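Student: I am new to this structure. Please show it, and then let us go through some questions.

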Amino acid sequence: QVQLVESGGGLVQAGGSLRLSCAASGRTFSTYAMCWFRQAPGTEREFVAAINWSSASTYYADSVKGRFTISRDKAKNTVYLQMNTLKPGDTAVYYCAAIVGRNRLRIGIKFSDEYDYWGQGTQVTVSS
């Protein structure tokens, strides 16, 4: 089992920045990738960014490219999401997720069904 705990959410004005963290614990030795999704009220969960745990290759949704940066600290089993130039449309609950115990993808790194473990989410609210 793997446990994921997000932190760093909050209220920020448009144009501001926040840094989310997601700490993984448990059987993390075979992590393949970690990612961030978000979900606003009344919408489906949306891919934000992902990182390959070994190569550090990164993937972003078009809506956040150039504004958000995903990174990881292998020693701390932690993934980060630096969010800059935030917009009201970024308001959502942000979820961390992980692919563990596999060395290949089933459907694609941007699909929520690909991920094995999920955190409980952290609220990000951007005011105009």
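Tutor: A disulfide is a pair of cysteine sulfur atoms within 2.5 Å. The model is predicted, so local features need pLDDT of at least 70 and side-chain atom pairs count only at pLDDT 80 or more, while totals for chains, interfaces and linings use all residues. Residues are numbered from 1 along each chain as its sequence is written, and side-chain values use heavy atoms, with hydrogens and water left out.

Student: Which residues form a disulfide?

Tutor: A search of the whole structure finds one disulfide. Its sulfur atoms are 2.1 Å apart, and the residues are Cys22 and Cys96.

Student: How many residues apart are Cys22 and Cys96?

Tutor: Strands (E, at least two residues) are DSSP runs numbered from the N terminus. Cys22 is in strand β3 (residues 18-26) and Cys96 in strand β9 (residues 92-100), so the pair links distant parts of the chain, and the separation is 74 residues.

Student: Is the disulfide of Cys22 and Cys96 left-handed or right-handed?

Tutor: The handedness follows from the torsion about the S-S bond. That torsion is about -80°, so the disulfide is left-handed.

Student: Why is the sulfur of Cys35 too far for a bond?

Tutor: The closest cysteine sulfur to that of Cys35 is in Cys96. It is too far for a bond because the distance is 6.8 Å.

Student: Is Cys35 buried or exposed?

Tutor: Buried means under 20% relative accessible area, exposed over 50%, and partly exposed in between (1.4 Å probe, protein chains only). Cys35 has a relative accessible area of 0%, so Cys35 is buried.

Notes
Helix = DSSP H or I, 4+ residues; strand = E, 2+ residues; numbered from the N terminus.
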